Amino acid sequence: MASNGTASPANASALAPPPSQGRLITVLSIDGGGIRGLIPATIIACLEAKLQELDGPEARIADYFDVIAGTSTGALITAMLAAPNENKRPRFAVKDISQFYIENGPKIFPQRKIGFLKPVANLLSVMRGPKYDGAFLHDKIKSLTHGVRIADTVTNVVIPAFDVRCLQPVIFSTYEAQHEPLKNAHLSDICISTAAAPTYFPAHYFRTEGPDGKSREFHLVDGDVAANNPTMLAMSMLTKEVLRHNPDFRPVQYGNFLIISVGTGSPEQAEMYTAPKCAKWGLLRWLYDGGFTPLIDIFSHASADMVDIHAQVLFEALRCEKNYLRIQDDSLVGPTSSVDIATKENMEALIGIGRELLKKPVARVNIDMGVYESLPGEGTNEQALERFARKLSDELKQRQKNFNSY
């Protein structure tokens, strides 16, 4: 539904009309979480299948969303959904994404076989430098994106990273690239940057040059430092376009947003950490504990959950909570709660978690307790996706009808 060249499933030669031709502004948001990206990949594949049931086999997720926002592994999924092929159509269907993780996950996160010395070896590795050199991931991202810049995606995308030199977030988006040439970076550099989780992958440096000869340097790490859940970030970028008087948008009201936000799961709250345990920790234990990185985990989960709380309260206050769907599993245990255990067994388990999540009731986070509670009468997540698919299909058809009536 972007106005930057997205083709509709009904007519691949037509430009998808902008939000001003319809009633809604549509957003898909995908959290970060390493190999746990298999969970949202499974969820979004279900949504695309339902859209194809309504509009035909050529329908793609990018046809229906004005913005796709992603952080870290969510940004990789975003890139695969929005990178154009030679016909300016999405290069990948969502069903291809899980297979990408299965084939490449073990090479992105190579598992060390060191027996009973593994905890010690992992700690020494963390002390020496990043756990992974990122070489395979970098090459794979470059081969996926084929030199595409962010301004050339088939729908608008929003991807955060964090600049360690400036100590501030950097937001890359299709919209920003159209206003600021120095932020029209290669999609590969952006994805490598937002995936550069501290202690896991090295920080990424690159430079852009504008048509006027000016240049800008970027010194970036993982986007989840700024926004592990990029939902509100996407809404803010869209609101910014309204303030710029972008003709694609009428004056925006949050009640006009239709948002699907998909998480990568979080560990079960079964006392993974406790205050008496953490009270004894020094710097090293906060950075590394039994294969996990407590400080990074706490920051990323806090960031994601706070965004969910803000969005939930906002949509409830505006009495349009049925336009906001958050799908998240907060009961991961063992290897599935890790971001980098890419064994065949664990990846299959993550896909299974995604499938089971579709069968679970629609849930909202309890603001006081921090746990997800099912909503009576809302059905399962799969049923909710089916309702949203109908809304998305109707919105696209309404835009096409209004656009063609001019």
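This report describes the confidence, packing and selected local features of a predicted model.

## Confidence and overall composition

The model is predicted, and its chain has an average pLDDT of 88, with 90% of the residues scoring at least 70. Confidence is highest in helix α1 (residues 38–55), at 98, and lowest in helix α4 (residues 118–128), where the mean is 59. Over residues 2–14 the pLDDT falls below 50, although this stretch has 43 contacts in the model beyond near neighbours in sequence. Where pLDDT is low, the predicted coordinates should not be read in detail.

The chain contains 14 helices and 10 strands. It comprises 406 residues, of which 55% count as buried. Among contacts between residues at least 6 apart in sequence, 74% join residues at least 24 apart.

In soluble globular proteins, nonpolar side chains tend to be buried together. The largest nonpolar core of this model has 78 residues; the members that touch the most others are Leu28, Leu47, Ile61, Phe65, Leu81, Phe172 and Leu385. Helix α1 supplies the largest share of this core, namely eight residues. Another core lies apart from it and has 21 residues, including Val67, Met237, Val242 and Phe249.

Leucine 81 illustrates the packing within the largest core. With residues up to four places away in sequence left out, leucine 81 touches Leu28, Ile30, Ile61, Ala62, Ile68, Pro90, Val94, Ile97 and Val154.

## The enclosed helix α7

Helix α7 (residues 187–194) is largely enclosed by the rest of the structure, because eight of its eight residues are buried. These residues are Leu187, Ser188, Asp189, Ile190, Cys191, Ile192, Ser193 and Thr194.

The surroundings of α7 include both helices and strands: its buried residues pack against α2 and α5, and also against β3, β4, β5 (204–209) and β6 (215–221).

## Crossing of helices α3 and α5

Two packed helices are described by the angle between their axes and the distance between the axes. For helix α3 (residues 95–108) and helix α5 (residues 135–145), the axes come within 9 Å and cross at roughly 150°. The crossing of α3 past α5 is right-handed.

On the α3 side, the residues that take part are Phe100, Asn104, Lys107 and Ile108; they meet Phe136, Leu137, Lys140 and Leu144 of α5.

## The loop between β3 and β4

Arginine 165 is situated in the loop between β3 (156–163) and β4 (168–173). Its contacts, not counting residues up to four places away in sequence, are with Glu217 and His219. Arginine 165 and leucine 220 are separated by 55 residues in sequence, yet their C-alpha atoms are 8.1 Å apart in space.

Leucine 167 is found in the loop between β3 and β4. Leucine 167 counts as exposed, because its relative accessibility is 65% and the threshold is over 50%. Its phi is positive, at about 55°, although this residue is not a glycine.

Most residues other than glycine have a negative phi, and most peptide bonds are trans. Serine 72, which is not a glycine, has a positive phi of about 55°. This serine lies in the loop between β2 (67–70) and α2 (73–82). With a relative accessibility of 10%, serine 72 counts as buried, whereas leucine 167 is exposed.

## Helix α11 and leucine 287

Leucine 287 belongs to helix α11 (residues 283–287). At 30% relative accessibility, leucine 287 counts as partly exposed. When neighbours within four places in sequence are set aside, leucine 287 is in contact with Phe292, Thr293, Pro294 and Leu295. The C-alpha atoms of leucine 287 and aspartate 297 are 9.6 Å apart, and the two residues are 10 residues apart in sequence.

## Cysteines

A disulfide is a covalent bond between the sulfur atoms of two cysteines. The structure holds zero disulfides. Cysteine 166 is partly exposed, with a relative accessibility of 41%, while cysteine 278 is buried, at a relative accessible area of 12%. Cys191, in helix α7, is buried.

Methods:
Residues numbered from 1 in each chain as written. Predicted model: local features only at pLDDT ≥ 70, side-chain atom pairs only at ≥ 80, totals over all residues. Heavy atoms only, no water. Disulfide = S-S within 2.5 Å. Buried < 20%, exposed > 50% of the residue type's maximum accessible area, 1.4 Å probe, protein only. pLDDT = per-residue confidence, 0-100. Helix = DSSP H or I, 4+ residues; strand = E, 2+ residues; numbered from the N terminus. Contact = heavy atoms within 4.5 Å. Core = buried A, V, L, I, M, F, W, Y, C linked by side-chain atoms within 4.5 Å. Axes fitted to C-alpha atoms, helices over the stretch in contact; angles between N-to-C directions. Left-handed = near helix turned anticlockwise from the far one by under 90°.
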